[in-house]
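Please keep the sequence and the structure in view while reading.

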Amino acid sequence: MTYAQKLPVSMLGAALIALGTGQIAQAALLVESESAVVNRDAKEVLFTINFNRVPDFLSVDEFDRQADSFQYFIDADRELPIFGTSPAYSNLESIIRGEEIHVAGDVRIRDVFSVGPSEPNSGGWGKIRGSVPYSLDGTVLKFSAPLQFIGDSDGLFSYRLELYEFGSWNGLTNENKSTIASVPEPNFALGALTFAALSLSLRQKRKHKSAPSPVNQSAWVKA
């Protein structure tokens with residue numbers, strides 16, 4: 001996991017952007033923590049970002065750029081760094097576009113390269129592979145996407161997360177790899193019941209060998 005430490009530059013950039021767009025300046029949007037956890041049974045991945053403040057995905061400037069946005073670059077080969085190959089983006093499978101939330105209220109996932117005229121709001125990226133809903137609970141953003149949408153099949157991929165303020169990258173980057181959801185431990189209560197049933201069976205066998213009287217056996221079963 002790599003966090004670029006460029007806070008002073010980012011905050012200055014945010015202030016200049018805000019002055020240029022007539023927006024009220026606020027603290028730069030930062031990532032406190034993030035993850036991409038894959039459920040292989042469901043063939044989907046849950047993305048979670050905990051920001052340092054509540055993001056504004058709905059306000060836009062005169063150029064229709066969101067106040068706050070994010071973008072994931074997905075590499076299904078799980079290589080790091082993400083842009084370690086040439087030409088740029090040649091190793092990527094998809095782009096997750098938080099920049100388009102203000103358009104339809106969802107998170108759009110696009111092809112990397114456009115094969116025709118650019119679609120509206122695409123930012124120059126390719127066609128839409130799919131779109132998914134998101135939830136925002138205070139500073140925590142969550143959304144799930146089918147692996148097919150992001151161009152991955154085994155759930156093992158790497159990604160680069162970038163944040164933007166009115167369309168300008170704020171200089172902060174996080175690169176990471178997906179993790180596979182752990183298989184839950186067997187239910188404790190079920191295990192306890194199984195153990196109790198096994199113990200009862202063994203005790204009954206021992207009682208049977210000692211030929212207990214019907215009265216005593218009945219009393220023991222009730223206990």
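Which residues have the most contacts inside the largest nonpolar core? In this predicted model, they are Phe70, Tyr72 and Phe157, and the core that holds them has 26 residues. At least two residues of this core come from each of several elements, including strand S2 (31-39), strand S4 (68-75), helix H3 (147-150) and strand S10 (158-165). Strand S3 supplies the largest share, 4 residues. In soluble globular proteins, nonpolar side chains tend to be buried together.

The chain as a whole may be summarised as follows.

| Property of the chain | Value |
|---|---|
| Secondary structure | 5 helices and 12 strands |
| Residues counted as buried | 36% of 223 residues |
| Accessible surface | about 12700 Å² |
| Part of that surface belonging to carbon and sulfur atoms | 58% |

Among contacts in the chain with a separation of 6 or more, 57% join residues 24 or more positions apart.

Is Ser94 buried or exposed? Its relative accessible area is 0%, so Ser94 counts as buried, the cut-off being under 20%. A polar atom of the Ser94 side chain lies 2.8 Å from the backbone oxygen of Ile150. Beyond its neighbours within four places in sequence, Ser94 is in contact with residues including Tyr72, Phe73, Ile109, Arg129, Phe149 and Ile150.

Conventions: Residues numbered from 1 in each chain as written. Predicted model: local features only at pLDDT ≥ 70, side-chain atom pairs only at ≥ 80, totals over all residues. Heavy atoms only, no water. Core = buried A, V, L, I, M, F, W, Y, C linked by side-chain atoms within 4.5 Å. Buried < 20%, exposed > 50% of the residue type's maximum accessible area, 1.4 Å probe, protein only. Contact = heavy atoms within 4.5 Å. Areas by Shrake-Rupley, 256 points an atom, 1.4 Å probe, with all protein chains shown as cover. Polar contact = N/O pair within 3.5 Å; in protein donor to acceptor, adjacent residues only side chain to side chain.
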